[in-house]
Amino acid sequence: MARERPADGPESQNGRAEVRLGRTSRDGVAPSMFVWVERGVRLRPGVARALNGRAVFRFSEEISPLSVHFARETIDVFDGDLKQPDLAVSGRLPDIVHIATAPTLLGIPNPASRHGLAAILGLYRGRVTLEGDRAMARRLIQLLAL
């Protein structure tokens, strides 16, 4: 279930990457992440271009793992796990969302903000774990920032 490509191609959209929705599952959240990533690419195309690699989100709840593959011209979002991602994010869905939506400072949750401090404490207390490329994690937070 790939998203249709615009008639004039992804490069004509102010240099933005094309975001594509791949396979979905009944217990997955790929369509939600697709919309979120697409918004981030529209608002911050430079951050999207700086992302390269594969990220997987693994949830504590009975939700299918979610994967995102960032390449130069395309970003694929799909339900399913990856064996060797560049970045693995694990935790409860609400905790992961809070980290991604916290106000940021230099690409990380801003500790001067109540929401940012709560996100940092969630990481510190192990409610959310990040394994792999920390620079990719910072860029991903910047891309998804509200």
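Trainee: Why is Asp76 called buried?

Mentor: In this predicted model, Asp76 has 18% relative accessibility. Buried means under 20%, so Asp76 counts as buried.

Trainee: What makes the contact between Arg20 and Asp76 a salt bridge?

Mentor: The closest N and O atoms of Arg20 and Asp76 are 2.7 Å apart. The cut-off is within 4 Å, so the pair qualifies as a salt bridge. The two residues come from distant parts of the chain: Arg20 is in strand E1 and Asp76 is in strand E4, 56 residues apart.

Trainee: Why is Arg20 called partly exposed?

Mentor: Arg20 has 27% relative accessibility. Buried would need under 20% and exposed over 50%, so Arg20 counts as partly exposed.

Trainee: What makes Asp81 and Arg58 a salt bridge, and which parts does the pair tie together?

Mentor: Their closest N and O atoms are 3.0 Å apart, and the limit is within 4 Å, so the pair counts as a salt bridge. Asp81 lies in the loop between E4 and strand E5, and Arg58 in strand E2, so the parts tied together are 23 residues apart in sequence.

Trainee: Which residues are linked in a network of salt bridges?

Mentor: Arg92, Asp95 and Arg127.

Key: Residues are numbered from 1 along each chain as its sequence is written. This is a predicted model: local features need pLDDT of at least 70, side-chain atom pairs count only at pLDDT 80 or more; totals for chains, interfaces and linings use all residues. Side-chain values use heavy atoms; hydrogens and water are left out. A salt bridge is a side-chain nitrogen of Lys or Arg within 4 Å of a carboxyl oxygen of Asp or Glu. Helices (H or I, at least four residues) and strands (E, at least two) are DSSP runs, numbered from the N terminus. Buried means under 20% relative accessible area, exposed over 50%, partly exposed in between (1.4 Å probe, protein chains only).
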